[in-house]
Amino acid sequence: RSLDALLPLPRTVGITHRDITAPGEDYQSPLPATGSEITLPIRLGPLPDEALRCELLVGLAAVKDAPAPAASVNGVECELVADVAGDGERLVSFMVPIASLNDVEVHQVEISGQGKKPLTIQRLEMSLGGPDDAKP
């Protein structure tokens with residue numbers, strides 16, 4: 001398929017625990033990341049021209065009674081959509097303002113803890129989709 005055919009399709013880009021490295025390369029995995037304010041870079045590739053929705057999914061190590069973190073992308077605050085605790089992991093999702101993604105090649109995702117204990121991010125994904133790709 002051509003790039004033009006692929007651009008409007010939904011896609012998810014994640015930060016991985018382990019990337020392929022060259023022999024002898026000094027590599028430090030971006031995840032898990034621990035701190036009260038964590039900034040991670042992520043590339044989404046070219047954005048389609050039509051209106052989109054973008055969701056940020058953050059997987060955190062579960063911490064009892066911790067408030068939901070705040071998130072911003074390229075300095076623009078994201079809206080908290082869901083906060084679900086599971087087996088040892090807490091999934092928090094945010095809606096990312098599409099305008100924050102324009103004219104930026106590498107997006108800076110900042111996650112800020114709102115409690116006294118540091119956060120441990122185990123998973124981070126950004127999903128792009130059209131208005132009809134809303135999750136149930």
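Predicted model: local features only at pLDDT ≥ 70, side-chain atom pairs only at ≥ 80, totals over all residues.
## Exercises on strands and loops

N74 is partly exposed, at a relative accessible area of 25%.

**Exercise 1.** Find out where N74 is and what its phi is.

*Solution.* Start with the position: N74 sits in the loop between β5 (70-73) and β6. Next, look at the backbone: phi of N74 is positive, about 55°, although this residue is not a glycine. Finally, check the label: partly exposed lies between under 20% (buried) and over 50% (exposed), so 25% puts N74 in that class.

**Exercise 2.** Decide whether D103 is buried or exposed.

*Solution.* First locate D103, in the loop between β8 and β9. Then take its relative accessible area, 84%. Exposed means over 50%, so D103 is exposed. Its phi is near 60°, a positive value in a residue other than glycine.

**Exercise 3.** Work out the strand order of the open sheet that has four strands, and name its edges.

*Solution.* Read the order across the sheet: β3-β9-β5-β6, with antiparallel pairing. The edge strands are β3 (37-42) and β6 (76-77), since each pairs on one side only. Now zoom in on one pair: β3 and β9 (residues 107-112) share six bridges, and I38 has I111 in β9 as its bridge partner.

Definitions and conventions: Residues numbered from 1 in each chain as written. Heavy atoms only, no water. Pairing = 2+ DSSP bridges. Helix = DSSP H or I, 4+ residues; strand = E, 2+ residues; numbered from the N terminus. Buried < 20%, exposed > 50% of the residue type's maximum accessible area, 1.4 Å probe, protein only.
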